[in-house]
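Reader: I would like to learn how to read a structure feature by feature. Could you walk me through one?

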Amino acid sequence: MLKSVIPRIKDWPINLIAQKRDKILQETISEAVLEFNKAHPTLSQLRDQLQKTLYLEHIRLRSEAWEVDPEDEKEFWGKVKKRLLQADPAHMDEDISKEQHQELLQDIMSRYANEIIGHFNPNMFWFARQLLVRVFARLFNSHFGGFKGIFNPQEKLKDKLIVAGPVEKLRNLSLKGTVILVPTHFSNLDSAIIGFGMDYIGMPAFQYGAGLNLFNSKIFSFFAGNLGAYKLDRRKKNPIYLETLKSYSKTNVLAGAHTIFFPGGTRSRAGNIETELKLGLLGTVMEAQRIHFEKNPANLAPKIFVVPLTISYHFVLEASSLIEDQLRRTGKEQYLVYDKPQVAGKGIWKFFWETFSKSTDITLSLSEPMDVFGNSLDEDGNSIDKLGNPVEIRSYFINKGQLKADDQREMIYTQMLGDKIIEGFFKNNVVYSSHVVSFVAFELLKKKLDYPDLFTLMRTSDEDREIDWDTFKTSVKRVIDELYVLNNKEQIKLSPMMTTKELDEIIELGITNVCIYHTNLPILRTKEGNITSEDLKLLYYYHNRLIGYGLHKCI
Amino acid sequence: MGSTSASDKHPVGVIGAGSFGTAVANLLAENGEVLFYSRRQEAVDIINTKRTNNGQTIHPNIRATSDLQEITNNCYLLFPSVSSDSFRQVMQGMAPFLRPDHMMIHCTKGFDIKLEPGKTILDKDIILKPSDIYTMSKVILEETCVKRVGCMSGPNLAREIANQHPAATVIASKFEEVIREGESAIRSKRLQVYSNHDIYAVELAGVLKNSMALAAGALGGLGYGQNAMAFLITRGLGEIIRLATAMGADRQAFLGLAGIGDLVATCTSPMSRNYTVGARLAKGETLQQIIDTSSEVAEGIKTVSISKKLADSTGIKLPIIQYIYKALFEGLNVEEALRYLMEYRWGYDADYM
């Protein structure tokens, strides 16, 4: 474990910001109101938006109520409805009506902001850290006392959770500006694992958004709610909520909160690395950087650093339900569910148990940190071009000597940043043996069966699923050779296991690892030694991890 | 909107003093001062004293210089117009002087291709993937710190612009402000300006049409008339669109000025280099003979080679390209090539939309 960059938890930015809760709330609301009025300047536009929001919230209340929802939810929206009726400009002076609409907007945004805002408690953080370390240690110990003994007793947590990449640079930069960590998203456990990993390398805690649904769980709510998680409600897609959320994020980034954004929005349902990002929250980062330059002299303006992070798992807790969901979405009527989806009821503890007690690991692979324009950074956080010359990024917001906001410009910059993030994801993707065996097995099956679509393929009978061992092994060899070529071109990374073990062992470990967690095995060897699968959907899911590199040409 | 154009207070820079660069400089000069870069001092002196370049008279608002830094220091808006062969090198040379508040609108219809040392795009054994191909805007983004990039493309034959004929062009950029600045700098009584946000498609359209200009020259060389030309232009557009979509572009821009507009202009202009190559080929000369007696390799020859190799690697069918390729590189007689195309089963018309 690395020494904390800032020794006292009380001095962490996240805690300093938590102390200013009221100020953050007020800024969030006033900024949200301001932006919303800019986008909807007339009374009739505002009224439309309020009505739309009311309508959407009524639907949500009726069709999808959660335990975590406040008790007065119905009452609140009932009142909104009443007030909206009363404020009808047809029945009163327009100025008064305007005022009442503004009050209403303010009240709704205030309610949302109060729901979203996260909290941080230094004592709780300390407590949670002790607890987690103990839990992990216990997982190991119970194993050492146990049966298999396939790894040596020196193996510790650091071999299980690997943080790879420019760790020292990231630590340095966290003292010089605001770090925005943008990870790939495969599992609901990502936030916890990244949080733990970042703590492990001595980074001060990050803010992150957690789905409000997770707060239905009292235990989660108790911990996460005190560890810097703010709440995101995916049910609320109304414009007023989204504006408030964006404003909250911007206010925090401006205040200097190191933040985790999952730019893919939701977990990757197909198991692939994201190639399309949701740019809304990322746009607030761009905006925040511009505001820093507007409010400060050039040399004193705080800087924002963006760091992509690619997570590698051998297996994903929710793989089954994610891929079911993906196939149902893309397949529509072509895809009828024949089998009941496998219930992922083994839960979190099983996942941790399997991960930390067996010979398997998780890698958090950091990309090179960059500024919001994708430029490289020197050790002090100064932007440099590819020749190492300094780049004055302030000037990206300038047109003919004038620094000012230009939404369209910033939207394109955000898209460009998104492209850089995706590039980082792919370049620093750490390939595991399990990814390779899944990729090859599925590609071979696809080639062998030559079905026009995925959905027919998924329903192939057991006997058709068999792949000859020699063919399989040769293909794995070819894919690994190509991976080495890509690795040399710095387009992908290989896990240590891939580079140190012999081919047969890589295959064996790959198969073992991807199957550790699942009841129906995505890939296995038959009695004759050939390769087959009990669950093609899962195989497809794990295969997808390596798409986008042109590897199918090696099959 | 137009009242705060870049040209009001600051000169606009034009990089590259070829015939199109000169035409662009003259167009810009109608709205304000222009700093005009040529790397040869000799050319700079002639432009500044004799007020002529490439047979075009130089507008009084133009001043030439061989000092790149003078241009980057004084201009916010730059129009690079250098050949695709030297574009990357020029950008590398400019990179140290460029700032993030510069905007660039390039006028170069060509690709930059990263090949292994010693290889050229005309080599037969080269395998090309769409990702190996760089449009000029990608070169700018890769080599410099400039992000606000655009391109100017369309049916704009340098000679006609020099002769003050009316024309229309497209300024494409993802950035509204680049389009705005570019438009207010270059729009005039003789140049109508349209905008497009899909810079990639506009750039592809500008390059891919070159193969068809070569084929048009071949038809002309054989003495065929407008029926054959219309056949070529329409089906040629289809092939261009199919190839561009395989390279990841959207179709829409190909139906505009930068697509069909430019294609018609180049295919029906017997003076262009590409057309001449086609015509000479049809008259029985070999590619080698043509290259040996030309000052530079016509862009169309490279485009045919690139298009054919991309068709091979992406698996799409481009009959016209395939047969021009055979005529250029595999010694197939042009009339033979045409005969094959006439026998080819095309199927459904307008299948590329």
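Predicted model: local features only at pLDDT ≥ 70, side-chain atom pairs only at ≥ 80, totals over all residues.

Reader: Why does Arg51(B) count as partly exposed?

Author: The label comes from counting neighbours: a residue is buried with 20 or more other C-beta atoms within 10 Å of its own, and exposed with 12 or fewer. Arg51(B) has 14 other C-beta atoms within 10 Å, so it is partly exposed.

Reader: Which loop of chain A holds Lys400(A)?

Author: Lys400(A) belongs to the loop between β10 and β11 (402-403) of chain A. Here too a residue other than glycine has a positive phi, near 50 degrees. Lys400(A) counts as partly exposed because it has 16 C-beta neighbours inside 10 Å.

Reader: Now sheets, please. In what order do the eight strands of the open sheet in chain B come?

Author: The general idea is that strands of a sheet pair through backbone hydrogen bonds, either parallel or antiparallel. In this model, the strand order of the open sheet is β5-β2-β1-β6-β7-β10-β11-β12 (chain B), and the pairing is mixed. At the edges stand β5 (62-65) and β12 (191-196) of chain B; each has a single partner strand, so one side of each has no neighbour in the sheet. From one strand to the next, the twist averages 25 degrees.

Reader: How many bridges join β1 to β6 of chain B?

Author: Strand β1 (residues 12-15) and strand β6 (residues 77-80) of chain B run parallel and are joined by three bridges.

Reader: Which strands does helix α2 of chain B touch?

Author: Helix α2 (residues 19-29) of chain B packs on the sheet and touches β1, β2 (34-37), β5, β6 and β12 of chain B. The direction of α2 makes about 170 degrees with that of β1(B). Another helix to look at is α9 (residues 199-221) of chain B, which lies across β10 (148-153), β11 (167-173) and β12 of chain B. Helix α9 runs at about 35 degrees to β10(B).

Reader: What is Ile324(B) in contact with, leaving aside its neighbours within four places in sequence?

Author: Its contacts on those terms are Ser211(B), Leu214(B), Ala215(B) and Val304(B).

Reader: Is helix α15 of chain B mostly covered or mostly open?

Author: Helix α15 (residues 319-329) of chain B is mostly covered, with eight of its 11 residues buried. Among the buried ones are Ile320(B), Tyr323(B), Ile324(B) and Leu328(B). The cover over the buried residues of α15(B) includes α9, α10 (226-246), α12 (273-282), α13 (287-292), α14 (299-314) and α16 (334-343) of chain B. After α15(B) comes Gly331(B), with a positive phi near 70 degrees.

Reader: Let us zoom out to domains. Into which domains is chain B divided?

Author: Chain B is divided into domain 1 (2-197) and domain 2 (208-343). The C-alpha centres of these two domains of chain B lie 26 Å apart. Their contact takes 19 residues from domain 1 and 21 residues from domain 2 of chain B. On the side of domain 1 that touches domain 2 of chain B, β11 and β12 of chain B are the elements that give two or more residues. The most comes from β11(B), with three residues. By class, that side of domain 1 has 12 nonpolar, five polar and two charged residues.

Reader: And between the chains, how many residues does the contact take from chain A and from chain B?

Author: The contact takes 18 residues from chain A and 14 residues from chain B. On the chain A side, the elements giving two or more residues are β10 (398-399) and α15 (407-427) of chain A. Helix α15(A) gives the most to that side, with five residues. The residues on the chain A side divide into nine nonpolar, four polar and five charged.

How values were computed: Residues numbered from 1 in each chain as written. Chains lettered and ligands numbered in written order. Contact = placed C-beta atoms within 7 Å. Helix = DSSP H or I, 4+ residues; strand = E, 2+ residues; numbered from the N terminus. Nonpolar A, V, L, I, M, F, W, Y, C, P; charged D, E, K, R; others polar. Pairing = 2+ DSSP bridges. Axes fitted to C-alpha atoms, helices over the stretch in contact; angles between N-to-C directions. Domains from an automatic or database assignment.
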